[in-house]
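The following paragraphs lead through one protein structure, from its overall make-up to individual residue pairs. Please keep the sequence and the model in view while reading.

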Amino acid sequence: MGCDRNCGLIAGAVIGAVLAVFGGILMPVGDLLIQKTIKKQVVLEEGTIAFKNWVKTGTEVYRQFWIFDVQNPQEVMMNSSNIQVKQRGPYTYRVRFLAKENVTQDPEDNTVSFLQPNGAIFEPSLSVGTEADNFTVLNLAVAYNNTADGVYKVFNGKDNISKVAIIDTYKGKRNLSYWESHCDMINGTDAASFPPFVEKSQVLQFFSSDICRSIYAVFESDVNLKGIPVYRFVLPSKAFASPVENPDNYCFCTEKIISKNCTSYGVLDISKCKEGRPVYISLPHFLYASPDVSEPIDGLNPNEEEHRTYLDIEPITGFTLQFAKRLQVNLLVKPSKKIQVLKNLKRNYIVPILWLNETGTIGDEKANMFRSQVTGKINLLGLIEMILLSVGVVMFVAFMISYCACRSKTIK
């Protein structure tokens with residue numbers, strides 16, 4: 001009887017040990033299987049999940065505009081007073097609904113090239129007025145439709161998954177010809193996706209043709225997006241700092257007067273990118289800008305929640321599942337004896353014209369699909385691993401303790 005009991009306890013301990021070992025083995029094996037599957041599905045080629053969503057996004061993307069209406073133009077022209085502005089908006093357009101065009105794979109260098117056509121549909125129900133409002137300085141549907149961005153040439157990831165979606169060339173070049181040194185480089189992806197297995201410690205680089213430069217985002221927080229764990233990456237204030245604070249930005253300072261010998265920050269002169277027109281880009285309401293930039297403008301209320309740019313990245317696939325891209329368009333206005341309305345000005349202004357908020361969030365249907373095909377399977381595998389390991393360890397310890405207790409009683 002004692003032998004049967006001891007044998008049973010030993011058998012239970014052995015089964016527990018086997019379950020624990022199997023659970024332990026399943027962890028690295030499961031991780032390898034996940035990595036293999038993900039690497040296959042994020043390649044930009046016909047038949048993958050990534051390619052299908054890359055060619056034409058299933059996410060509804062909206063671009064909202066707020067127009068700065070100047071309240072005291074005569075006072076400014078005659079007395080160089082502070083400019084009083086009042087924002088009007090939003091005026092909302094649906095954008096990025098057209099599929100990529102001229103998609104061409106190049107097996108020689110494992111790249112895929114494409115043209116991104118632009119289109120805009122005005123959304124009256126999401127707007128405060130009509131496109132005919134007399135203070136609206138831009139009709140996006142007219143300025144945006146029948147244009148295209150590119151040609152882009154990006155790596156498809158077939159030979160090296162760590163390069164997938166990274167831009168090789170833009171309009172046939174690896175540099176922009178707008179800036180000096182490293183500032184002129186085209187870095188990273190277009191922010192729609194990144195190489196898989198994103199780490200919180202990474203600096204995510206991406207190129208935006210809207211601001212005529214490459215920029216970067218850093219990890220801020222974990223976010224739960226419709227049941228999908230994502231990492232929120234944000235554009236840091238350091239990206240807009242002066243060369244005094246961030247020496248890497250020295251090559252974005254292109255003149256000494258308006259920038260006060262490169263000590264001003266938070267605005268970017270992109271006139272070289274705009275055929276010489278005095279256009280400056282900033283974050284909305286001059287968020288992160290130096291006081292000298294915003295001081296001549298009354299009516300601005302910068303805050304991070306409304307005016308910063310962020311990307312919500314699903315870390316395993318590298319897909320951007322939610323984003324908000326915010327920027328402000330400004331014009332440099334300075335005294336000019338040749339222009340009647342400017343001849344009485346006694347100082348320079350960087351005048352806010354409009355700011356935009358381009359947003360997109362994965363739809364409920366796609367979120368359900370993503371949970372079932374990606375995060376759901378990974379969570380299930382992780383659960384099985386933990387159950388096997390935990391049950392195995394508990395069984396082994398419990399049966400071994402019981403066996404030892406029985407042995408000690410038998411000896412007595």
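A residue is called buried when its relative accessible area is under 20%, exposed when that value is over 50%, and partly exposed in between (1.4 Å probe, protein chains only). The structure is a predicted model, in which local features need pLDDT of at least 70 and side-chain atom pairs count only at pLDDT 80 or more, while totals for chains, interfaces and linings use all residues. Residues are numbered from 1 along each chain as its sequence is written, and side-chain values use heavy atoms, with hydrogens and water left out.

Of the 412 residues in the protein chain, 46% are buried. With contact taken as heavy atoms within 4.5 Å, 63% of the contacts between residues at least 6 apart in sequence join residues at least 24 apart.

In soluble globular proteins, nonpolar side chains tend to be buried together. A nonpolar core is here a set of buried Ala, Val, Leu, Ile, Met, Phe, Trp, Tyr and Cys residues joined through side-chain atoms within 4.5 Å. The largest such core has 70 residues, and Leu-44, Phe-206, Ile-270 and Leu-321 have the most contacts inside it. Apart from this core lies another of 19 residues, with Val-76, Phe-286, Ala-289 and Leu-342 among them. Beyond its neighbours within four places in sequence, Leu-44 touches residues including Phe-51, Trp-54 and Phe-155.

Rings of Phe, Tyr and Trp (its six-membered ring) pair if their centres lie within 6.5 Å; planes under 30 degrees apart count as stacked, over 60 as edge-to-face and the rest as tilted. By this rule there are 13 aromatic pairs. The pair of Phe-51 and Trp-54 is tilted, at 5.8 Å centre to centre and with 35° between the planes. Both residues lie in helix H2 (residues 49-55), three residues apart, about one turn of the helix, and both are buried. An edge-to-face pair is formed by Phe-219 and Tyr-231, with 5.5 Å centre to centre and 80° between the planes. Phe-219 belongs to strand S9 and Tyr-231 to strand S10. Phe-219 has 24% relative accessibility and therefore counts as partly exposed, whereas Tyr-231, at 17%, counts as buried.

Which disulfides does the structure hold? There are three, a disulfide being a pair of cysteine sulfur atoms within 2.5 Å. Cys-183 and Cys-251 have sulfur atoms 1.9 Å apart, and the torsion about their S-S bond is about 70°, so this disulfide is right-handed. Cys-183 lies in the loop between strand S7 (167-170) and strand S8 (203-208), and Cys-251 in the loop between strand S10 (228-234) and strand S11 (267-269), 68 residues apart. Cys-212 is joined to Cys-273, S to S 2.0 Å; here the torsion is about -70°, so the disulfide is left-handed. Both Cys-212 and Cys-273 are buried. Cys-253 and Cys-262 are likewise joined by a disulfide, S to S 2.0 Å. With the bonded cysteines numbered in sequence order, the pairing is 1-3, 2-6, 4-5.

Notes:
Helices (H or I, at least four residues) and strands (E, at least two) are DSSP runs, numbered from the N terminus.
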